[in-house]
Amino acid sequence: MGSTQKLTSRERVFEAIAHREPDRVPIVLGSRELAIRYSGNTFGSIWADGRKYVEAQAMLIEQYHLDVAYDIWCTPAMDEALGAHLELPEDDAPWVPKPLLKDKKDIKKINAKIDPLKDGRMPFLLDVIKGLRARLGHDVPISAWMSPPFRTACMLRGSSDLYLDMMLDPTFVKELLDLVIEPCIVYGKALADAGADIINISNPVANADCIKYAHYKEFSHPYTKRMFGEIKAHKDVKVTFHTCGNWNDRFDLVTEENVDILHVDKVDLAELKKNFGSKITIMGNVRTVDTLLQGTPEQVVAEAKASIDKAAKGGGFFLSGDCTVPLDTPPENVRALVETGLTYGVYNH
Amino acid sequence: MGKALQMEILDQLADAVIEGKITEIEALTQEAIGRGIAPMDIINLGLLKGMTVVGKRFGASEMFIPEVLLSAKTMNTSVEMIKPLLLGDDLGKAGTVVIGTVKGDLHDVGKNIVIMLLETAGFEVIDLGIDIPQEEFAQAVREKKPDVLGMSAMLTTTMMECKKVIEFLEKENLRGNVKVMVGGAPLNQSFATQCGADGYAEDAVEAVELVKKLVAH
Ligand code: B12
Ligand SMILES: [Zn+2]
């Protein structure tokens, strides 16, 4: 396998982002769950000792030839830093049982001045990024997750209530967005300072399954754009936007949000490449649930090849799943995807 | 009062629900009551008729979740005014439903819409919330003695929980006491049958019909 590996992962990934063809397509999987499972850990054991997660990522990168390491993301760490209680299940992702802003009036009680080096789980998350950098060196880019203002507002308020607020009290929604954007920017800068090369977000509460285009344009788009603008002005990082669910009517806005990489769900990559491929890198999109989790290696190979056929030409492409890879995905399916990237994904210069 | 005028007011109520005219619904409801339209007719021929259209438009991506929630809230505002007028056998007696999102699953927007419509249709609904383990479902069946237990599952990875809960109810000798319905985006009728549920509904309007059917049996 090694013979086609002419570049380091960093060179390969950044060549692709620059829309030049590297030696082969970069292979990038949202790999928190895989790292935990394949190393025999649980979420619980990782929370108890972040070094175990660093080792797990290192193992995954080495054995599966992945080109990007992922931090142990915990988007609700923001809710916690702002005062909510965070639940850490033994073997599942962390979550917040009770939104902080059940009562709108409580917005006055929120102290938006967070300190990522002190508050809640944030210092732990940042230490893991530093640990990854120390363990993996310069050659492997690190990708770290955070939450954009609209999603953060939804989580703090509860999605149903925030959606109703958009209809009945848009001024309150703006007030909340103005409040949360500052800690979002602060945390994003802290991720960059800790060593993240790529910042990741997803915004599943703002897609076309949930809100209309005009609402997206008013309540989500300008805030995400400003957030990434300020983080990038602070440090030269790249940005991945995972468009979870259906985003077909709003890629025009998303691609104007200081975003470099679109990690897409179920869309036609050929069409996306045609419309936006010259300004953005496309990452995707083997189906994670139907194929990686529940399908056969043959199905994985077929879908991975189709993705490469549709979007790899000219660079600007990472081979990936259509979402985070689920916890119990069989190793042979992950291998099938990787193998396809290593062989079929070679660029013929 | 003439039938035509009654129909006109009922249509206006339906329209207010569809458009989410929450500031106008009170006056319209007053007018309907004042003109002697039967409370159950206001609900069934006015409000729920509107909500059925909302369900269809949502399915066709012509309406989105904020608009749907506002429609549901508009309808609820009217129902709250009508409730005191309903006879004993119209309301409350309709039946009791316990509902929750299964373990490992945090989605609740759809479940909340189902709850609003069930309450409108006169059911008492006990909402267990999200991430509910089988023991908690069983305990609620034991203590609240509902007619129907509803489970919502939105992830392919959590839908099997429905089956586990049903098996657990059987083990605890509670299955015979309650009808079970399931719902959520990745589910369908054949999955529901397979996992031993008594019913499945694709959306909230259908869920109301389903509960009525399950309670009648
Ligand atoms: C909003 C949303 C979220 C929000 C949830 C906010 C909230 N408080 O609910 C957040 C951001 C938290 C979220 C998180 C995740 N989500 Co999500 N989410 C969605 C989304 C976009 C919309 C869901 C929704 O509210 N729909 C609107 C309502 C009105 O419709 P509904 O839920 O289907 O409900 C109707 C019917 O199903 C029915 N019904 C519902 N419940 C019941 C119950 C009964 C008894 C009955 C009879 C009927 C019934 O009636 C309802 C009203 O008509 C869907 C995409 C989609 N289109 O479904 C993804 C989706 C469900 N999520 C998905 C995923 C993968 C996730 C995450 C794993 C993402 C991640 N990697 O972190 C996490 C999981 C968190 C967890 N453990 O649950 C996937 C699931 C894929 C799969 N097949 O398993 C979907 C399909 C998106 C996708 N990628 O395609 N998500
Ligand atoms: Zn996704």
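1. Donors to a metal are N, O and S atoms within 2.8 Å of the metal (3.2 Å for Na, K and Ca); water is not among the atoms, so sites may look incomplete. In this predicted model, the only protein donor of the cobalt atom of ligand 1 is NE2 of B:H107, at 2.3 Å.

2. B:H107 sits in a loop of chain B, between strand 1 (96-102) and helix 5 (109-120). Helices (H or I, at least four residues) and strands (E, at least two) are DSSP runs, numbered from the N terminus.

3. On conventions: residues are numbered from 1 along each chain as its sequence is written, and chains are lettered from A and ligands numbered from 1 in the order in which they are written. Local features need pLDDT of at least 70, side-chain atom pairs count only at pLDDT 80 or more, totals for chains, interfaces and linings use all residues, and side-chain values use heavy atoms, with hydrogens and water left out.

4. Chains A and B each give 18 residues to their contact (heavy atoms within 4.5 Å). About 1500 Å² is buried between them, 75% of it on carbon and sulfur atoms. Buried area is the accessible area (1.4 Å probe) lost on putting two parts together, summed over both.

5. One salt bridge is counted between chain A and chain B. The side chains of A:K212 and B:E67 form a salt bridge at 3.5 Å, N to O. The rule asks for a side-chain nitrogen of Lys or Arg within 4 Å of a carboxyl oxygen of Asp or Glu.

6. On the side of chain A that touches chain B, helix 8 (159-168) and helix 13 (288-293) are the elements giving two or more residues. Helix 8 of chain A gives the most, with seven residues.
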